[in-house]
Amino acid sequence: MRINPIWRQESRAGARSFKLPLIILGFNSVLAVVALLYMYSMIAQVRLTAEIQYTSFLGLYSFVATMEFVLLLFIIPGLTAGAISGERERQTLDLMLTTKLKPSDIVLGKLAQGLSTVFLLIVSSFPILGLVFIYGGVTVADVGLLLLCYVVTAVLLGSAGLFCSAAMRRSTMATVAAYLVVVILNAGTLVVNYLAVGLGAITSSGGSAAGWPMYLLLWNPAATFQSLLSSQMGSESGLAPLFPQLERIAEMGLIGRYWRPASMAVQLLTAAAFLWGAVRKTKPAKQNGRRR
Amino acid sequence: MLRIENLKKVFGRTVALDGLNMTVEQGALYGFVGPNGAGKTTTIKTIIGLLAPDEGRVLVNDIDVAREPGRVMARIGYVPDAFGVYDNLKVSEYMEFFASCYGLTGLKARKRGQMLLEQVGLDDKADFYVEGLSRGMQQRLCLARALIHNPPVLIMDEPTAGLDPRTRYEFKEILKELQNQGKTILISSHILPELAEICTDIGVVDQGRMVFEGTMEEILAQINVASPLLISVSGSQKEALAILRDHPEVETITIRDEDIVVGFSGDKRDEGALLKQLVDAGVKVYGFVRERGNLESVFMQITDHSDEEVVLIHED
């Protein structure tokens with residue numbers, strides 16, 4: 001099997017860099033501190049009230065999973081936003097484009113490298129997430145679905161970062177643009193929904209339905225994550241206060257019934273579009289209308 | 001081997017290439033010269049497929065770069081004027097990485113890499129980090145990288161810019177060796193004496209057009225024509241200057257000490273006629289010789305855009 005040369009080279013160079021262990025250390029330290037503090041507060045509560053509420057232990061899973069998701073939102077764009085613009089700044093992109101590598105090889109190699117780091121972070125955090133298995137209430141299938149949600153989010157945001165990296169000449173601009181895409185996808189779609197609900201309330205007496213803007217949440221990784229967490233832990237968990245609309249998705253018919261797979265499919269298709277755009281932007285300038 | 005036909009490229013309002021034609025024969029070491037902004041880098045980037053021409057075409061072994069870039073890339077090695085290196089990558093790994101970019105992996109890639117590092121004199125640096133190499137070593141490494149897939153054509157854009165004389169000399173020797181191996185080399189450079197020493201062919205580009213193209217023999221003949229005549233006369237120069245001013249082949253006249261330096265466009269026969277005319281007019285000529293020229297003087301003459309006219313300058 002032919003391994004993508006870009007991925008192989010980046011992995012080799014990345015493994016020697018101090019950046020990777022630093023990211024893993026920082027990521028897991030934050031998660032571990034959060035998890036241990038949560039456990040400590042629960043145990044302190046048990047000591048105080050002499051009551052053991054096992055449901056509160058499930059909160060640990062919800063809390064750590066949400067924390068991990070938020071950290072990933074911050075980390076993923078940073079991993080890919082400088083990938084292609086960095087090559088351009090280093091003047092190595094031209095060297096690669098004059099080899100037999102296709103622009104798609106370069107883009108996919110960079111994505112693979114970004115995703116490898118994200119997978120490493122997710123897998124390394126499993127022992128912390130696994131704390132919840134001490135008390136039970138969460139199945140391996142639940143954790144598997146959570147992992148799938150993280151992967152889809154990583155693919156979407158990683159691809160968006162790559163597109164920004166290919167479109168912008170400077171890594172700084174590409175990073176800013178990538179985080180802007182994260183904000184638009186996660187907060188922008190939500191704000192549009194709030195506005196739609198607000199307008200609905202003004203224009204019609206009981207109008208709480210968001211209508212078409214609800215479908216915008218299909219692109220929102222946070223909405224997909226919350227929908228998944230709500231199905232596992234109940235509607236009070238994680239980021240639920242931010243997504244009151246998700247309680248109404250059942251009213252949306254077929255898409256509402258299959259909200260999670262539908263949103264993951266939409267996000268993967270969007271990721272594919274971002275990757276296509278990144279390949280187009282990485283290609284050397286093409287001839288328009290040849291005249292002889 | 002490499003043919004460029006009527007290449008045109010416009011960036012906004014700037015015409016970078018204006019119908020450039022060029023032919024590089026197999027096994028040639030072709031010096032590609034021109035003033036800054038003449039279109040050298042644009043031409044090179046078009047040859048290697050990084051820029052698409054607005055008109056015209058580039059053929060490498062009769063394969064059109066625009067139509068089959070993949071096939072052309074397999075036949076071309078490219079050494080840019082400026083290039084970056086990867087952090088945390090050793091010299092041998094750098095070679096292996098680019099070998100894998102051409103589909104070469106494993107033992108074959110390692111052996112090829114080692115052989116090329118030996119050829120450019122970096123075999124003892126295989127375990128060094130690339131970023132730690134000197135500029136000259138990095139440039140030699142870049143040359144080795146460009147040869148990793150054993151291309152028949154090598155395209156080099158100002159490869160010796162910023163190198164010290166010793167490294168330039170070593171680089172030149174490597175190029176001669178590569179030419180002896182049968183590689184076709186196109187080298188763009190500003191260091192004209194260096195090109196004159198190693199090149200078999202020269203192309204001078206100016207304002208996006210090829211203004212001179214030929215073998216070194218042809219350009220040496222041009223050098224003789226391009227160099228000024230040095231005429232030494234005893235006594236008054238008045239009579240000589242009067243004849244020179246009226247001569248149709250005389251372009252410039254400069255007085256340098258006791259000599260008259262004449263920009264003269266005529267050939268050897270015209271030189272003889274001029275000398276006879278001066279002697280017949282009673283001018284006591286004791287020196288009449290073409291100043292020794294070089295590639296630089298031809299380049300200056302070809303790319304000089306000031307209107308030429310008969311002038312008389314006294315040099316102190």
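This is a predicted model: local features need pLDDT of at least 70, side-chain atom pairs count only at pLDDT 80 or more; totals for chains, interfaces and linings use all residues.
Colleague: What about contacts between residues at least 6 apart in the sequence of chain A?
Modeller: Among those contacts, 80% join residues at least 24 apart.

Colleague: How does one describe two packed helices?
Modeller: By the angle between their axes and the distance between the axes.

Colleague: Then at what angle do α11 and α13 of chain A pack?
Modeller: Helix α11 (residues 221-233) and helix α13 (residues 259-282) of chain A pack at about 155°, and their axes are 10 Å apart. An angle over 145 degrees counts as roughly antiparallel, so α11(A) is roughly antiparallel to α13(A).

Colleague: Left-handed or right-handed crossing?
Modeller: The crossing of α11(A) past α13(A) is left-handed.

Colleague: Which residues meet there, α11(A) against α13(A)?
Modeller: From α11(A) come A:Pro221, A:Ala223, A:Thr224, A:Ser227 and A:Leu228. They meet A:Trp259, A:Arg260, A:Ser263, A:Met264 and A:Gln267 in α13(A). By class, the residues of this contact are five nonpolar, four polar and one charged.

Colleague: Changing topic. How many residues of chain B are in contact with chain A?
Modeller: On the chain B side there are 27 residues, in contact with 24 residues of chain A.

Colleague: Which elements of chain B give two or more residues to that side?
Modeller: They are α2 (69-73) and α3 (91-101) of chain B. Of these, α3(B) gives the most, with five residues.

Colleague: And how do the residues on that side of chain B divide by class?
Modeller: The side of chain B that touches chain A has 18 nonpolar, six polar and three charged residues.

Colleague: How do α1 of chain A and α3(B) cross?
Modeller: The axes of helix α1 (residues 5-16) of chain A and α3(B) come within 9 Å and cross at roughly 160°. These two helices are therefore roughly antiparallel to each other. The crossing of α1(A) and α3(B) is right-handed.

Colleague: Which residues of α1(A) and α3(B) meet?
Modeller: A:Pro5, A:Arg8, A:Gln9 and A:Arg12 in α1(A) meet B:Glu93, B:Phe97, B:Ser100 and B:Cys101 in α3(B). That contact has three nonpolar, two polar and three charged residues.

Colleague: Back to chain B as a whole. Into which domains is it divided?
Modeller: Domain 1 of chain B covers 2-221, and domain 2 covers 223-315. Taken over C-alpha atoms, the centres of the two domains are 40 Å apart.

Colleague: What is phi of B:Asn6?
Modeller: Phi of B:Asn6 is near 45°, a positive value in a residue other than glycine. B:Asn6 is in strand β1 (residues 2-11) of chain B.

Colleague: Buried, exposed or partly exposed? I mean B:Asn6.
Modeller: B:Asn6 has 14 other C-beta atoms within 10 Å, so it is partly exposed.

Colleague: And where does B:Asn150 lie?
Modeller: B:Asn150 is in the loop between α5 (135-146) and β7 (153-157) of chain B. Its phi is near 50°, again a positive value in a residue other than glycine. B:Asn150 counts as partly exposed, with 14 C-beta neighbours inside 10 Å.

Definitions and conventions:
Residues are numbered from 1 along each chain as its sequence is written. Chains are lettered from A and ligands numbered from 1 in the order in which they are written. Domain bounds come from an automatic or database domain assignment. Axes are lines fitted to C-alpha atoms, for helices over the stretch in contact, and angles run from 0 to 180 degrees between N-to-C directions. Helices (H or I, at least four residues) and strands (E, at least two) are DSSP runs, numbered from the N terminus. Angles under 35 degrees count as roughly parallel, over 145 as roughly antiparallel, 65 to 115 as roughly perpendicular and the rest as oblique. A crossing is left-handed if the near helix is turned anticlockwise from the far one by less than a right angle, and right-handed if clockwise. Two residues are in contact if their C-beta atoms, placed from the backbone, lie within 7 Å. Ala, Val, Leu, Ile, Met, Phe, Trp, Tyr, Cys and Pro count as nonpolar, Asp, Glu, Lys and Arg as charged, and the others, Gly among them, as polar. A residue is buried if 20 or more other C-beta atoms lie within 10 Å of its own, exposed if 12 or fewer, and partly exposed in between; C-beta atoms are placed from the backbone.
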